[in-house]
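Here is a short report on a predicted model. Look at the sequence and the structure before reading on.

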Protein chains: 2
Amino acid sequence: MNILITGAAGMIGRKLTARLMADGAVGGKPITAMALADVVAPEAPAGRIAFTTHAADIAVPGVADRLVAAHPDLIFHLAAIVSGEAELDFEKGYRINLDGTRALFEAIRARPDYRPKLVFASSIAVFGAPFPEAIPDDFALAPLTSYGTQKAIDELLLADYSRRGFIDGIGIRLPTICVRPGKPNKAASGFFSSIIREPLAGLEALLPVEESVRHWFASPRAAIAFLVQAAAFDTAKLAGRINLTMPGVSCTVAEQIAALRRIAGDKAASRIRREPDALVRRVVEGWPRNFDTTRAAALGFAAEASFDDIIRAHIEDELGGAIAT
Amino acid sequence: MNILITGAAGMIGRKLTARLMADGAVGGKPITAMALADVVAPEAPAGRIAFTTHAADIAVPGVADRLVAAHPDLIFHLAAIVSGEAELDFEKGYRINLDGTRALFEAIRARPDYRPKLVFASSIAVFGAPFPEAIPDDFALAPLTSYGTQKAIDELLLADYSRRGFIDGIGIRLPTICVRPGKPNKAASGFFSSIIREPLAGLEALLPVEESVRHWFASPRAAIAFLVQAAAFDTAKLAGRINLTMPGVSCTVAEQIAALRRIAGDKAASRIRREPDALVRRVVEGWPRNFDTTRAAALGFAAEASFDDIIRAHIEDELGGAIAT
């Protein structure tokens with residue numbers, strides 16, 4: 001099995017690469033080669049599977065075609081401009097998140113007798129307020145950000161290209177990934193992670209919104225598990241509705257902080273400093289808070305059971321079990 | 001008020017032009033000029049308002065920019081490849097229905113201090129089976145045709161461009177227009193009209209699906225009323241959800257035929273010949289059957305009350321009150 005990963009240099013891309021290198025197979029089929037693409041060439045991963053790295057902007061004409069020239073059996077399409085940046089730079093967001101995705105799908109369609117499995121990393125940002133108490137899979141696509149609009153359009157394209165037989169696609173709407181390791185990125189959702197990550201590392205973190213804000217989370221570990229499971233998933237079971245919301249944990253910022261306090265103590269929790277930010281607040285206000293993921297659960301997808309579990313996953317996977325005191 | 005109509009040579013475009021020429025104003029504001037665009041130059045309309053006609057393919061670079069160069073205050077964007085043709089010609093459908101619409105929106109965005117009112121003719125084809133008994137406005141966009149996909153993407157773009165302040169947009173999902181006058185077009189839904197229109201004219205009509213097929217209809221007269229009402233509508237009332245399903249009549253083919261029989265007699269109804277067509281049947285199977293249009297009704301939009309009324313509107317507007325016996 002020959003795999004292409006776009007957005008391979010990002011946090012999820014690197015973790016997915018490492019997981020695939022460790023597993024050596026997807027759904028029981030041995031991985032023979034991996035092509036890792038991103039706007040900057042991804043770092044060489046550790047492992048024994050043959051790989052190539054590509055500095056490639058898929059929105060540039062011809063680039064997507066070169067990436068699929070080897071007819072990868074499986075494509076993880078993760079490449080995207082994040083929400084905050086897509087809101088600030090309208091043209092860049094549409095160019096990468098819409099035109100880049102469409103260029104990839106078109107490059108696949110242009111090749112006769114080629115129909116790869118494609119796992120698309122979508123987002124809960126495809127939904128926008130007002131919401132029901134828990135958002136079902138068949139709720140309206142009415143995003144309130146340009147990023148959410150672009151992801152929703154990508155979902156529609158993936159569904160149509162799949163229905164027409166050009167791609168064997170599955171779109172999984174990832175919860176907000178928390179706790180993101182490393183440095184903050186430009187996602188408006190970054191603070192949900194930094195208010196846990198920084199205090200656990202003995203650093204101060206800024207909280208730009210009220211503690212009553214409720215949101216929907218899964219760990220990086222859970223996100224990688226979703227992607228790998230989707231890759232081996234028989235899409236015939238989806239009966240045409242190929243985009244689905246992944247399970248997650250719904251909790252408020254106050255509940256996040258309470259979990260942090262339970263696991264790392266008052267001193268860690270005291271490292272969070274309130275600093276309201278109007279842009280972040282406005283963007284987050286339109287975001288989903290809770291989902292009905294009966295469908296994904298019935299199909300075998302599972303996330304953490306509590307925010308405490310999410311913090312523990314971070315401590316195990318990123319901090320070697322140790323936290324600052 | 002300066003108006004641009006794309007798709008002005010189509011059935012709806014011609015009727016809308018005639019209505020605007022007759023009214024001389026929209027929402028109380030006098031119309032000073034009309035630009036009528038389509039891939040073939042629309043015919044010159046009768047009336048006293050100054051007009052220009054344009055043979056223009058909005059998907060061709062530069063064309064959309066020329067159409068908005070005069071900064072029309074109000075744009076009716078009706079131009080589209082119909083459902084049957086978009087399903088048969090994948091590239092043409094995407095080129096006109098997606099790229100053409102996006103080119104129009106981009107041409108508007110490129111002009112500073114210009115934010116026209118734009119009425120987008122969307123379609124119930126943005127929804128796909130399985131459905132609830134009556135589809136609410138906040139139901140998933142999960143189309144089962146390329147045409148529906150393209151219209152759904154256009155809706156998402158219109159909402160984002162409106163949210164960002166580039167356009168003052170409203171998208172209205174027209175029911176299947178019935179009875180369409182004139183010759184059949186390539187829409188898969190064409191038979192819903194021809195089984196009424198042809199028998200009323202003393203001609204035979206083909207029925208490609210079972211009589212149990214249920215669908216959602218409004219007359220051309222109602223569709224024009226929706227467009228004109230949307231043009232004068234204060235979009236602030238839509239609270240960001242700018243795409244909405246218009247009212248209509250839900251009925252089965254059997255109920256259509258019963259209405260025809262009531263109004264025009266057994267002889268007319270006997271002119272319908274059953275001739276199953278697998279492609280039409282497959283396309284129509286994924287289409288909506290009934291809607292909950294509480295929202296549109298509360299906002300003041302109204303359609304016919306029964307299919308009998310729809311047939312009567314056809315006889316009045318197209319046949320001068322006379323039917324073949």
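## A buried serine

A residue is called buried if 20 or more other C-beta atoms lie within 10 Å of its own. S219(A) has 27 C-beta neighbours inside 10 Å, so S219(A) counts as buried.

Where does S219(A) sit in chain A? S219(A) lies in the loop between β11 (214–218) and α7 (220–231). Leaving aside residues up to four places away in sequence, S219(A) touches C178(A), E304(A), I310(A), A313(A) and H314(A). Take E304(A), one of these contacts. S219(A) and E304(A) are 85 residues apart along the chain. Their C-alpha atoms are separated by 7.5 Å.

## The nonpolar core

In soluble globular proteins, nonpolar side chains tend to be buried together. In this model, the largest nonpolar core has 209 residues. Within that core, I5(A) and I5(B) have the most contacts.

What does I5(B) touch, not counting residues up to four places away in sequence? The contacts of I5(B) are G13(B), L16(B), T17(B), M34(B), L36(B), A37(B), F76(B) and L78(B).

## How the chains are related

Two copies of a chain are related by a rotation about an axis and a shift along it. Here, a rotation of 180° with 0.0 Å of shift along its axis superposes chain A on chain B, with an RMSD of 0.0 Å. That is the relation of a two-fold axis. In chain A, the C-alpha nearest the axis belongs to A140(A), 2.0 Å from it.

Note on methods:
Residues numbered from 1 in each chain as written. Chains lettered and ligands numbered in written order. Predicted model: local features only at pLDDT ≥ 70, side-chain atom pairs only at ≥ 80, totals over all residues. Core = buried A, V, L, I, M, F, W, Y, C linked by C-beta atoms within 7 Å. Buried ≥ 20, exposed ≤ 12 C-beta atoms within 10 Å, placed from the backbone. Contact = placed C-beta atoms within 7 Å. Least-squares fit on C-alpha atoms with pLDDT ≥ 70 in both. Helix = DSSP H or I, 4+ residues; strand = E, 2+ residues; numbered from the N terminus.
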